[in-house]
Amino acid sequence: MSGIRAQFKLQRDSFVLDASFEAPMRGVTAIFGHSGSGKTTLLRCIAGLERAPGVLHVNDSVWQDDQTFEPVHKRALAYVFQEASLFPHLSVRANLEYGYQRIAASQRKVKPEQVIEWLGLSHLVDRRDVHSLSGGERQRVAIGRALLVSPEILLMDEPLSALDTRSKQEILPYLERLHRELDIPVLYVSHAMDEVTRLADHLVLMEKGKVIASGNLHETLARLDLPIAHFDDAGTVIEAIVAQHDEKYHLTRVDFVGGELWVGKVDQSFGSDVRARVLARDVSIATQAPHGSSINNILNARIDEIRDEGPDKVLVRLQIGESQMLLSRITRRSRDQLGLKPGLFVCAQVKSVALMS
Amino acid sequence: MSILTPDDLQAVTLTLKLASVSTVLLLCIATPLAWWLAHSARWYKGLVAACVALPLVVPPTVLGFYLLLLMGPQGMVGEFTRWLGIGALPFTFAGLVIGSIVFSLPFAVQPIQNAFEAMGKRPLEVAATLRASPWDRFISVAVPLARPGFLTAIILAFAHTVGEFGVVLMLGGSIPGETEVLSVAIYTHVEAMEYSEAHWLAGGMVLFSFLVLLGLYRVGGNWAKGAR
């Protein structure tokens, strides 16, 4: 079976980790939860840095069960920590090649020069003192160092959270390319929804040491029974392609299965893949196609499910076309006045779309 | 005219030999001990740490006295060495080395332990995720990162052994060429009212100590810079 199957139990003081999940061995699986939800502990258990009773299968190999515990250095993984944690006594190049030199030549899938070029590190490799690098540069070296052990799976523990906004923006494109070009499965721990919606394909949700849901990103984000649907920045993600640029009004049209959206003009060329995020608070509902609206994006939708959210609000799940889901947060009064109920065909007005790549 | 008598020269050479041998052996003992003290969570860790630190507070004569009893023909160690066919250790160079190691142990262990503790677990965890085995991690990461601690330990252990008197006197007496070290030679000169000879040796000791401290502070300074 291709995939990762993990199940761990660990009690430490008042914290109890009792987590199990399965994830595919492709794309990015985000482990998402608030701080203290146990997501880092779970990742450390998977790496073998934490020794908790449990079972861990990665593809066909058993990394841990009742009889086995593969030590960290024998697991075909790489780990990017929150802080770059470069070795201060080694040069940038020696840091990059530390793991590379420790794997058999036959296992090496990438060469240092490829990784250096790929991560834009060529002007840094000859630095002797890693302290002279900026935070973003250090984290890029750490990512390169991890990639150079040619891992079967890459574990990343909030690799952006210790960085300022600029360094984050500097690294995010590399993480996206990592995902698209290198074909290494990634387990990505994060508490930042914008990172998760931008990078992940699969979502594992954690709360108080437990995995409360695990599944495809699109489906999981659209589940009204989960707490993330009720966050202020709840929303869904749309996979689309760039279809048209309107030079006159400086807009771009992106198409997805079931509809199209107009967004502020982007640089991506015609036909390239983009990911759009639509927040529940930016979607309103009309029972008829509105006339004279300033809103550019009005999509035909069918109400799939409605769930109360607090005393005044309801959350509506809308289906666009065959499979695309949108969330809409409206008042309870609007629901009653418009007579909204599941099965009804309506117009979804999308006030704002965030294009992520 | 010669400033130092042949006996004095012999004492200087013997002292340097004793300090060198003791320091090398101390590093072999102190490194694993410091590693264990820095990483263990056993309940008896405090007990071991206290034993290691004991020579800091126990008067050297007391330490020398018990070592003499232990290594003497009736002592546990003495019986063991006799069984090995080495004979009794007191009043031999080997006996002095053992005494020096016990006496200087805290000066070697504590700087190394502090250095291991200061680096934390993270660099070793990183190395483990980069396929380094435990021994590899120790050699390629822990030792280079703890280098200032090792330097401090070497300097302190060496200097401390050079200057010791109480343990040496109890354990070694003053057999020229075998156990008569510098500090004992100075003492002998003073007892014989040979103040000028004592001066040369004592002054040399002061200069040596000063240079050692100077070196130590330079290492300390570099350490502070490197840790940033």
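**Entry 1: two helices in chain B**

I began with the place where helix H2(B) meets helix H5(B) in this predicted model. On the H2(B) side I found B:Val52, B:Ala53, B:Pro55 and B:Leu56. Their partners in H5(B) are B:Val102, B:Phe103, B:Leu105, B:Pro106 and B:Val109. I sorted this contact by class and got nine nonpolar residues, with no polar and no charged ones.

Next I looked up the geometry. H2 covers residues 45-57 of chain B and H5 covers residues 93-119; they pack at an angle of about 115°, and their axes are 7 Å apart. That makes H2(B) roughly perpendicular to H5(B). I also noted that the crossing is left-handed.

**Entry 2: helix H4 in chain A**

Then I turned to H4(A), residues 135-147, and checked its length. Its 13 residues should span 18 Å at 1.5 Å a residue, and the end C-alpha atoms are 19 Å apart, which agrees.

How many of its residues are buried? I found eleven of the 13, so H4(A) is largely enclosed by the rest of the structure. Among them are A:Glu137, A:Arg138, A:Val141, A:Ile143 and A:Leu147. The buried residues pack against E6, H2, H3 (112-118), E7 (153-157) and H5 (165-182) of chain A.

**Entry 3: where the chains touch**

Last, I looked at the contact between the chains, which takes 18 residues from chain A and 14 residues from chain B. On the chain A side, strand E6 (77-80) and helix H2 (92-100) each supply at least two residues. The largest share, three residues, comes from E6(A). By class, I noted eleven nonpolar, five polar and two charged residues on the side of chain A that touches chain B.

Definitions and conventions:
Residues numbered from 1 in each chain as written. Chains lettered and ligands numbered in written order. Predicted model: local features only at pLDDT ≥ 70, side-chain atom pairs only at ≥ 80, totals over all residues. Contact = placed C-beta atoms within 7 Å. Helix = DSSP H or I, 4+ residues; strand = E, 2+ residues; numbered from the N terminus. Nonpolar A, V, L, I, M, F, W, Y, C, P; charged D, E, K, R; others polar. Expected span 1.5 Å × (residues − 1). Buried ≥ 20, exposed ≤ 12 C-beta atoms within 10 Å, placed from the backbone. Axes fitted to C-alpha atoms, helices over the stretch in contact; angles between N-to-C directions. Parallel < 35°, antiparallel > 145°, perpendicular 65-115°, else oblique. Left-handed = near helix turned anticlockwise from the far one by under 90°.
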